[in-house]
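Trainee: Could you walk me through this one before I start my notes?
Mentor: Gladly, let us look at it together.

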Amino acid sequence: MLSKALLRLGAGAARHPWRVIAAWLVAAALVVLAAVAFGGRTADSMTAPGLDSQRAAELIERAGTGQEGMTAQVVVTPLAGGATFFGDDGARTALTRLQTEVKRLPHVLGTSDPAGALDAGGDTAVRGGLVSADGRIAVVRVQYPDQSRLSADDLDALVGLGDRLRAELPLRIEMGGNLFYAFSDPDGGVSELIGLLAAAAILFLAFGSLVAAALPIGMAVFGLTVGVATMTVLAGVTDVPTFAPVLGSMVGLGVGIDYALFVLARHREHLALGLVPHEAAGRAVATAGRPVVFAGGVVVVSILGLAVANVPFMTVGGLAVSIVVLIMVVASVTLLPAFLGAAGARLGRANRLGRIGGALRGGKRGRLVQRRDTGAGAAPAAGWRRWVGHVSRHPVPYAVGAAGLLLTATLPVLGLRVGLPDDGSLPPSRTERRAYDLVAEGFGPGTNGPLVIAADPAGDPGVLDRLVGAVAKDPGIASVAPTRIDRGTGIATLVVFPTTSPQDRATTDTIARLRADVLPAAIGDGPARAHVGGAAASLSDVGRRTSQRLPVFVAAVLAMSFLLLMLIFRSVLVPLKAVLLNLLSIGAAYGIMVAVFQWGWGGALIGLEATVPIVSFIPMFLFAILFGLSMDYEVFLLSRVREEYLRTGDNGTAIVEGVSGTARIITSAALIMVAVFLSFAVAEDPSAKMFGLGLATAIFIDATVVRMVLVPATMTLLGRANWWLPRWLDRMLPGGAVGGEGTDGIRGTRGTEVDVEPTGGTPRPGLVDR
C-alpha cells in the first residue's frame, strides 16, 4: 500500500536525516556538474512538422541561400541633430565601419550594405529598404547560419560589439532580430527572488516560527536547483525553449512550497499529539504525502499531455517543466522529512503569531481520545467552520452567484486572439524595443516582421515573375525585396514586407490570403509550388495548430482527471463536479487575461507597454498546469471530506468539517502560489507576464470562490449522491482511496499504534448502487 510505503519512507528519512540530506547534496552536485559539462543553452525553434512555414524553411534550406538561418539587425541613426546619411560624410563613414566590423563577427554569413547602396545613390538605398526615405535611419541586416550551429556566444559577440562601437562612433546603435529571441536569457532571476521573499513572509505569518517557515523554502530551492540543472542537461540534447526555465521556476517554486506546506502542517499536528519527531514525520508523509503524490502525478501527466499538439518545442518545454514538478514531489517525501527529523521537536513550538496546526483541528480525530489544543489556530478554524456552515445552509444562492460570477469573468474568452507579442511590447529599456521603434518609424511597422516566400518553379520559367507581381499587388504587402535564386536548385526566395506589424491581426490575414488566393492564382495548375515562411508566419502557424488541437487536449486531460479522481474517491459525481468547477476557474483566468492583455484593462499595473495578443502556446500550457494544480487542492480537500463521511455517514457534517479543517492551509498555500506567480507578472517579457498573471488569477479563484463557496454549496445540493458509485463499476476499479485506504493500523516504530486516521475502503452500505 502506498500509505505504508510512504510511512516507512518518511519515518526512515526523519530518523536518519543527515544521510538523506547528504544523498541529496551528492545527487545535486552530480547533476550540476553534468549541466556544466554537457548542458546547453535554451533556444527557441518555433516550427512543427507539416506546417506551411516548415515547408518553406525546408525549401530555403535546400536552396542554400542562407535565409534559412538566424538573423539580426543593427539599426543606426546619427547622434547629431538634423544629420542624415545622405549628406553627412562622418555618419556615412561610421556606417561603413560598423558594417565592416559586424561582417567580421564569428559565424556571420553576410550583411546588407546600406553604405554601398548610398554610394550608388540615395534612391537606391531607399528602394532597397536599407535607408529610410528621410536618410535618418539605416539598417544593417545580419545573416547567420542555422540555429543548430549557433549559441548564446554569438549573441554576446554582437551585443559586445555594439557596446564598444557606441563609445567610438557618432551613431545611436540599437539591435534586434530573432537571434535575440532565440538566445536571450529569460529574466526570471529577480522574479524568483521576489516570489521567495513573499512566500517566506507568508509562511512565517502562518507558522509563527522561523524554523518552520524556512523548511519549505529550503526544500523548494533545493529541488529547483536540481530541476533547473536537469533542464540544462536536457538542453544539451535537444532544443529546450527559453520560456521553460522561467515557467519551471514559477511552477516548481509554487508546487514545491505548497507540497511542503501540506506535509509540514500534518507533521506539526502530529507533534502536538505527542508523537516523537520521526514518527510524526512518517505519519505526515503517509497522510499528506499521499495526496501530494497523486496531485503531483496529475500535474506531470497533464503537462506531458502537451505532446498531443504535435509541436516539438511545446513537447520539450512540457517535459522540462514536468521534470521540475517530479523532483519537487520526490523532495516532499524524502528531503522534507529529513529536514523535519533534523529540526526535531522545535517545530512543535510557535510564537504568538499563530500555529497553522490549528487549521487542521476540525479534521478527523479517529480513535484518538484526547487532542492537544493548538492555540492560535482554534479561532481561524472556528471561523472557517461558521463560514462553511453558512454556505451549506444557503447552497442555492451561493452556487448560482459564484457560478454566475465565474461565467461572467469567462465571457472575454470569446474575443481571445492568439499570436506573439513582438519587440514593440518590450519596455523601452531594451535595445530590441528601441530598434523596433526606429525601424517602424523609418520603414513602416511591417519591416519588423518580414515574410519569406520560398518557391520551386519546377521548370516553369515565368512563374517567378507572376509570383512577384501578384504578391506586390496584394494590399497587405508594402514592398518586395529583390528575388534571390539558387542556380543549382532553381529555388527562389522572396523577402516581402507587410504593411502591418507582426502581432497585428491584419498580418495573420495577409499570410492566410497569400496562401489561399495569391500564390495559387500565380502558380496556376503547373508543378511549381510556393510556401510562406518567416518568423511571423511560423508563429501564426503554431498558433493555429495549437488552437485546433486544444479541444482534443482538453478532452484528454478532463477524461484522465475524471478517471483518476473516480479511482481515488470511489464516486462518479465528485470527480464530475471537480472537472466542471476546474473548467470554470480556468475559463475565468483566460477571460481576465484577455481583458488585461488584449483590452488593456489594468495593464499598467504589471508594466504592460501596449495591448498584445495572447501568446499562441500559452492557453494550452496554462490549461495543463492549472488543471494539475487545481487537483492539488481538490485531492487535499476532498480526502478530508471523505474521511469525515466514512466516519459519520453524514454528508452535511463531512462537508463542514472537511472543508473548514483544510480551509486555512489551502488558503495559505494558495496565497503563497499567488505571490510566487504574481512576482513573474512584473517581468519584462510579455510571455512571463501572461504565465504569471494567468496562473495567479486561476489559483486565487480556485482557492477562494471554488473551494470555499462552490464546493460546499454543490456538495450540499448533491447530498448522499456525492458518493454514489454503481456496483458494477466499483468491482472494476482497483482498490484504494486517498481518504480512506489503508492508513488504519499502521504502527509506529515502538510497536504502539499511532494512527489518527479513519478506517477506509469500501463506502458504507447505501453508497454503492446495488
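This is a predicted model: local features need pLDDT of at least 70, side-chain atom pairs count only at pLDDT 80 or more; totals for chains, interfaces and linings use all residues.

Trainee: At what angle do the axes of α2 and α15 cross?
Mentor: The axes of helix α2, residues 17–38, and helix α15, residues 335–343, cross at roughly 140°, and they come within 8 Å. Angles over 145 degrees would count as roughly antiparallel, and α2 and α15 are therefore oblique to each other.

Trainee: And which residues make the contact?
Mentor: On the α2 side the contact is made by Pro17, Trp18, Val20, Ile21 and Trp24, while α15 brings in Leu335, Ala338, Phe339, Gly341 and Ala342. Sorted by class, this contact of α2 with α15 has nine nonpolar residues, one polar residue and no charged ones.

Trainee: Switching to the sheet, in what order do the strands come?
Mentor: The order is β2-β3-β1-β4, four strands forming an open sheet with antiparallel pairing. The edge strands, each pairing on one side only, are β2 (110–111) and β4 (171–176).

Trainee: How many bridges join β2 to β3?
Mentor: Two bridges join them, with β2 and β3 (residues 138–143) running antiparallel, and Thr111 has Val142 in β3 as its bridge partner.

Trainee: Which strands does α7 lie across, and what about α18?
Mentor: Helix α7, residues 152–168, lies across β1 (71–78) and β4, and runs at about 170° to β4. Helix α18, residues 431–443, lies across β1, β3 and β4, and its angle to β4 is about 105°.

Notes:
Residues are numbered from 1 along each chain as its sequence is written. Side-chain values use heavy atoms; hydrogens and water are left out. Axes are lines fitted to C-alpha atoms, for helices over the stretch in contact, and angles run from 0 to 180 degrees between N-to-C directions. Angles under 35 degrees count as roughly parallel, over 145 as roughly antiparallel, 65 to 115 as roughly perpendicular and the rest as oblique. Contact means heavy atoms within 4.5 Å. Ala, Val, Leu, Ile, Met, Phe, Trp, Tyr, Cys and Pro count as nonpolar, Asp, Glu, Lys and Arg as charged, and the others, Gly among them, as polar. Two strands pair if DSSP finds at least two bridges between them.
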